[in-house]
Amino acid sequence: MENVEIDRKEVLRYLGHRNQAVGERLERLVCECMEELKGIAAPKYICRTFGITDRDRSVSLENGLFELPGQAILKHLSASGSCVLMAATLGSEVDKKIRYYEKADLTKALVLDACATALIEAVCDRICEDIEKEDLAEGEHLTSRFSPGYGDLPIGIQKRFLEVLDAGRRIGLTASSTNILLPRKSVTAVMGIAAENCGRKSGCAACGKTRECAYKKMED
Amino acid sequence: MELRERLKNGFIIFDGAMGTMLQDTGLKAGELPEVLNIRNRDVIIDIHKKYLDAGATVVTTNTFGANELKLKNSGVTVEEAVDAAVANAREAIGAGDGHVALDIGPIGELLKPMGTLSFENAYDIFRRQVVQGVKSGADLILIETMTDLYESKAAILAAKENSDLPVFFTMSFEESGRTFTGCSAEAMVITARGLGVDALGVNCSLGPIEMKPLIDRILELSDVPVMVQPNAGIPVVVNGKTEYRVTPEEFAECMRGFAEKGARVLGGCCGTTDRHIRLLAETLGTMEARTLEKKMGSSVCTPTKVVKIDEVRIIGERINPTGKKLFKEALKKGDLDYIMREAIAQVEAGADILDVNVGLPEIDEEEMMVKVIEELQSIIDVPLQIDSNNPGVIEKALRIYNGKAIVNSVNGEDEILDRVLPLIKKYGAAVVGLTLDSKGIPATAEGRCEIAGKIVKKAESYGIDRSDVYIDCLTLTAAAQQKEVRETLKALEMVKEKLGVKTVLGVSNVSFGLPNRGLLNRTFLTAALTAGLDLPIINPLDKGMLDVINAFKVLWFQDENCEKYVEIYKNTEGEALKKSGPGVHGLAEIIEKGLKEEALGATVKLLENSEPLEVINGYIIPALDLVGDKYEKGDIFLPQLIQSAETVRNAFTAIKEKIAATSSEEVNKGRIVLATVKGDVHDIGKNIVKVLLESYGFEVIDLGKDVPKEAILGAVLEKDVRLVGLSALMTTTVCNMEETIAHLKEHCPGCRVMVGGAVLNESYAESIGADFYGRDAKESVNIANEFFELN
């Protein structure tokens with residue numbers, strides 16, 4: 001996973017930027033953090049494709065090995081016969097650096113945190129592109145990423161999700177007892193494999209919670 | 001102890017993968033293999049038998065994940081799973097020759113500070129496995145595939161404190177040579193050796209080829225038998241199936257190489273089968289085992305940083321309340337941030353190790369020491385020196401320390417040596433020995449050297465290597481004992497020559513009571529370094545002292561090619577020019593623009609002619625109000641607001657110092673407790689609120705993240721607090737917020753609660769019983785202002 005670029009505009013969006021003047025000082029800090037992050041982020045991921053074997057009240061993978069409950073995921077995967085489970089992380093060094101700056105230089109912690117959020121999203125985008133390019137058959141596409149906690153897909157499946165991928169051992173990704181992914185800059189998501197291209201737009205469009213979300217993209 | 005004998009004389013052959021063999025029999029991804037010990041025991045016994053038949057002398061129980069967290073919803077208890085697994089292995093061995101290793105893998109949740117699991121909690125989880133393993137009759141304990149050194153320490157302690165069985169220990173590394181959590185092979189060897197494991201090494205993640213450089217490094221360093229259990233190569237996913245491609249022949253050939261270099265315990269991990277182990281056993285059968293003789297040398301470490309005492313290393317002395325009013329205040333208030341800033345400044349200035357002394361009569365030293373060490377090791381990676389003369393404090397600190405620490409100190413008194421040295425041995429630390437005893441400090445170098453010799457001898461009698469004893473020949477004050485100052489230097493030389501140990505010395509005492517202390521300190525430091533001082537304890541922020549050390553390292557060929565020296569001093573002229581330039585901005589402008597570096601100087605200057613309160617009300621508050629207005633109007637955004645708040649905090653540092661120096665009245669607009677609720681580790685939002693509240697003159701008691709409701713109530717009652725701010729970022733932790741609010745309202749009805757966090761909104765906040773909802777950090781200041789004006 002090399003050469004994934006951090007989008008500066010995304011960093012600013014996570015920092016709550018609308019259209020204020022950024023200023024030379026902050027601009028420099030953003031660049032500095034983007035650079036520093038390159039040195040400490042160690043993106044890793046793991047993916048596995050599962051057949052969808054039942055869709056009664058939940059999406060069932062491989063004859064009940066793993067259940068994805070809720071209406072939202074049913075709808076999301078309605079056009080897919082199989083799906084990809086993905087887990088990705090930037091690793092624990094990023095958390096550690098952010099923790100450090102929270103004590104040493106809070107503004108920098110804030111900016112570095114935003115850079116890391118932007119980077120893990122970019123990493124996920126890259127993973128999906130690579131899957132489409134390398135693993136899917138002609139004419140097949142991935143749906144957008146749908147994560148535990150989106151809509152009515154319970155976040156409580158997080159641990160099981162990681163177990164199914166053996167993510168702890170393979171990429172060092174775990175979930176706390178309250179289902180927080182650790183290291184923190186990590187993503188788990190399901191993408192359907194569908195025959196038609198339903199467009200892999202931003203996660204915001206797929207989420208039912210945008211009304212109360214401070215970070216939703218402005219165009220949504 | 002037949003196994004320990006065997007470790008001394010020959011090879012021990014472990015089995016290969018359990019998971020891979022199980023998958024071949026149809027285990028599905030994500031199914032719990034531990035349950036099969038009971039539900040499908042024949043399959044397990046059969047796998048053990050295959051490995052024994054192939055030549056393994058140790059079989060590993062199918063208990064990798066048999067801990068209470070992973071088995072939670074399985075319908076099987078830890079005790080049942082472990083007991084069945086040991087029985088299965090025993091049955092496979094039958095009347096044959098073989099040992100049963102109780103397998104213990106990682107818990108699967110991260111420990112603090114990365115996660116929410118406490119060290120003692122992790123210890124208890126492992127203890128349950130160990131206790132049952134012993135009861136069921138395991139022959140040894142295998143702690144494996146660890147990636148976190150802290151979790152490893154909890155597991156090793158649990159094994160050693162609850163059994164007499166040999167402990168074999170491996171961690172899993174990436175090709176970078178570090179584990180997922182950043183632990184290096186060197187840090188693993190130093191720490192695990194110190195904790196007294198019987199064998200240590202590497203397993204999983206990598207194949208035997210990729211492991212080679214790592215094993216070389218470990219064999220170079222370790223005098224503890226080395227263990228190697230590689231995967232059969234790096235996994236490749238083909239058509240959704242994981243494949244391992246190293247053949248038994250390639251595997252055995254690589255393993256032969258490890259054995260030739262000195263590895264003693266060999267086996268396989270993921271992807272290896274009985275075929276790999278059969279060839280391995282055949283290969284080792286034709287070989288002689290080699291004994292490792294290398295010694296470790298003197299070093300201390302954290303998981304991510306090893307400090308070898310093979311050149312002058314600086315111990316920072318500033319985490320110590322002696323003679324520091326603000327530091328004492330911080331300790332009494334439990335203001336850990338103050339202490340963290342002291343730590344960060346020292347590390348940035350070049351400290352290699354930090355001394356930690358939090359002894360103050362009014363506070364619970366044990367509790368504070370633990371808190372400070374936990375906080376320090378969550379943000380910085382330099383090793384720590386635990387500075388206390390209370391054995392209880394020392395033990396607590398050593399237990400929760402992540403890596404190998406130094407203890408400061410013991411002296412020549414038997415009673416102290418006999419109390420502290422066993423702790424040094426048990427936790428694998430290094431120790432500072434002061435050359436004094438009940439009769440005081442000997443006047444002569446010979447007298448001090450004699451005590452040093454006694455300390456070293458006693459340490460060795462407890463099994464502590466002399467490379468882990470650092471002798472302090474004690475600096476005397478020139479103003480009082482001028483004649484004896486040289487004795488310290490003589491003793492230093494003598495101790496180095498006669499005992500061959502490392503030396504440590506607090507330097508600045510020498511100048512006490514005399515003018516131009518810096519000059520005397522630098523001169524004495526130079527003399528001490530020349531006499532062979534390894535570990536000066538100094539204030540790293542004293543540039544003159546650092547200059548001496550940097551120059552010394554060039555002249556004594558410790559800084560090869562003068563690299564570090566050039567790096568530090570190449571811009572000396574430019575720097576001087578920059579620093580001497582006068583500040584051009586007024587304090588108000590500095591705050592508005594967030595020019596953090598200029599705030600302190602500008603404030604100090606203002607305070608020359610103004611009272612603290614005048615500076616606050618005349619400059620700081622108006623500037624902050626302006627910035628706050630701009631933020632609320634959307635003219636600036638969050639990082640800019642925080643930059644200004646941090647700038648104000650720097651200004652307040654000067655103000656607090658002035659207040660402490662003149663004993664004038666403290667500035668305090670109100671006291672607020674802040675915490676991120678139980679289960680939540682997202683701290684940054686709360687920290688933003690904190691810095692903003694502080695910049696407006698509120699006193700914030702920051703309880704950190706993942707805080708239980710009882711602790712929040714405790715702080716509220718103890719410090720008589722009426723406003724609490726709670727933060728939660730996840731829907732799953734808002735329920736803990738609700739419980740906390742209910743708990744506070746029940747036991748402290750007068751207390752008000754403001755809440756914030758990404759998943760909250762006004763009505764949600766109301767529904768969980770909060771009194772105020774802070775949409776953003778600035779809003780929380782408005783709430784606090786209004787609250788304390790009205791109340």
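**View 1. Buried residues of helix H13 in chain B of a predicted model.** In H13(B), Leu336(B), Ile339(B), Met340(B), Glu342(B), Ala343(B), Gln346(B) and Val347(B) are buried (20 or more other C-beta atoms within 10 Å of a residue's own; exposed is 12 or fewer, partly exposed in between; C-beta atoms are placed from the backbone). Helices (H or I, at least four residues) and strands (E, at least two) are DSSP runs, numbered from the N terminus. Seen down the axis of H13(B), the buried residues fall within an arc of 155 degrees, so they line one face of the helix. The arc is that of the directions from the helix axis to the C-beta atoms.

This is a predicted model: local features need pLDDT of at least 70, side-chain atom pairs count only at pLDDT 80 or more, and totals for chains, interfaces and linings use all residues. Residues are numbered from 1 along each chain as its sequence is written, with chains lettered from A and ligands numbered from 1 in the order in which they are written.

**View 2. The end of helix H13(B).** Gly350(B) follows H13(B). Its phi is positive, near 120 degrees.

**View 3. Strand E23(B) and its covered faces.** Five of the five residues of E23(B) (residues 723–727) are buried. Leu723(B), Gly725(B) and Ser727(B) lie on one side, Val724(B) and Leu726(B) on the other.

**View 4. Parallel partners of E23(B).** Strands pair if DSSP finds at least two bridges between them. E21(B) (residues 671–676) pairs with E23(B) in the parallel sense over five bridges. Ile672(B) stands opposite Leu723(B). Five bridges also join E23(B) to the parallel strand E24(B) (residues 752–756). There, Val753(B) is the bridge partner of Val724(B).
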